[in-house]
Amino acid sequence: MKIENIAMHSIIKIASVLSLGLVIAVIWFSNYDRHAVEIASQEETLYGSVVLPKLRADKPVPVVIFVHGDGPISSGGYGYYHPLWQALAQAGVASLSWDKQGVGGSSGHWLEQNMTQRAEELSAAIDWISTQPKLDSQRIGVIGFSQAGWVLPTVLAQDKRVKYAIMVSTAVNWEQQGHFQTVQRLKSLGQDGEVLAQNLDYNSALDELLKQRVPYKTYQQFITQNAPQSYGGKVMSPSRYEFVINNMHVDASATLNQIQQPVLALFGDSDQVVDVQQSIDTYQSQLSGPFSYKVYENADHGLFKNEYFSGISKDSIWFGVKMNWLGADGLTEQFVDDVLRWVTTHTQLDAQGVLVDGE
């Protein structure tokens, strides 16, 4: 089994070649001020951004914490978060995000982390917000993407300072997600019948080997001796291998029934990474608090429109340029609006300045 990086992982390869003009345009026309921040977490220092509305009242503003998916992602997701930042700032809401460990200025390395450590980072960010006079620590929300589905539940279950959550293209069980992704990859190659069955049997055997946490050389030898030629896929690097065997046991369902906060889950109907219906069914049956979901038509795992991005390699320069140029127009219809509506609904204050129950 190989857990592929989400779409944003590959953007790091092209970020350095995006035109300076596009970057300047994004900053120039933004309705927010972006400030560098430093957050201490465990033994590491995280560098990131707090995005504040340019036009804001004297009182503290609500804030949404952005929690990345898989891969070496920067605080701005290489442009992916900018349409959301813009919309939230327009509504008077701040955003907080940081470079993953080993990315940008952040110390450490994201491949050396497990999901518990990533949850501790989120908790450290919440603590940091409580020290900031411009941010309202009573109106904190979180939005998490893909792999963040194994990060948010732990914090939501333990920390009631978080008032709501938005889960974007998230899975529940790591091993099941990996199997689903492998099936979709093999089917996309036109496989069915005996060939598909043979490759899935091999994938299951590989999963069992990984669960034993065998040395990396043993993993390499197993692939050399057993992988069908039609299986394809890449051999994991040693660091990626360690990351997978340290995390493949995670299952968010263990904490879902402890979550009381309202949760919104958003998916694309063309997601080839996450089993959308399985995630929805699990959330519906196990979340204790209010739950809503939406599945967008003709949208992929990153909620990009198929009409613009289908068939374009996420490793290509063209993908990065197109994503930054299109901005919100490249994302599925209503995604940004739905996020904004959920956030503003759950950050309203009454005349006495008390948070109103959005449900």
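Colleague: Where do E208 and K211 lie, and how many residues apart are they?
Modeller: Both are in helix α6, 3 residues apart, about one turn of the helix. Helices here are DSSP runs of H or I with at least four residues, numbered from the N terminus (strands: E, at least two). This is a predicted model, in which local features need pLDDT of at least 70 and side-chain atom pairs pLDDT 80 or more, while totals for chains, interfaces and linings use all residues. Residues count from 1 along each chain as its sequence is written, and side-chain values use heavy atoms, without hydrogens or water.

Colleague: Why is E208 with K211 called a salt bridge?
Modeller: The term requires a side-chain nitrogen of Lys or Arg within 4 Å of a carboxyl oxygen of Asp or Glu. The closest N and O atoms of E208 and K211 are 3.1 Å apart, so the pair qualifies.

Colleague: What makes K211 and E175 a link between distant parts of the chain?
Modeller: K211 is in helix α6 (residues 193-211) and E175 in helix α5 (residues 174-188), 36 residues apart. Their closest N and O atoms are 3.0 Å apart.

Colleague: How many salt bridges does a search of the whole structure find?
Modeller: The search finds 9.
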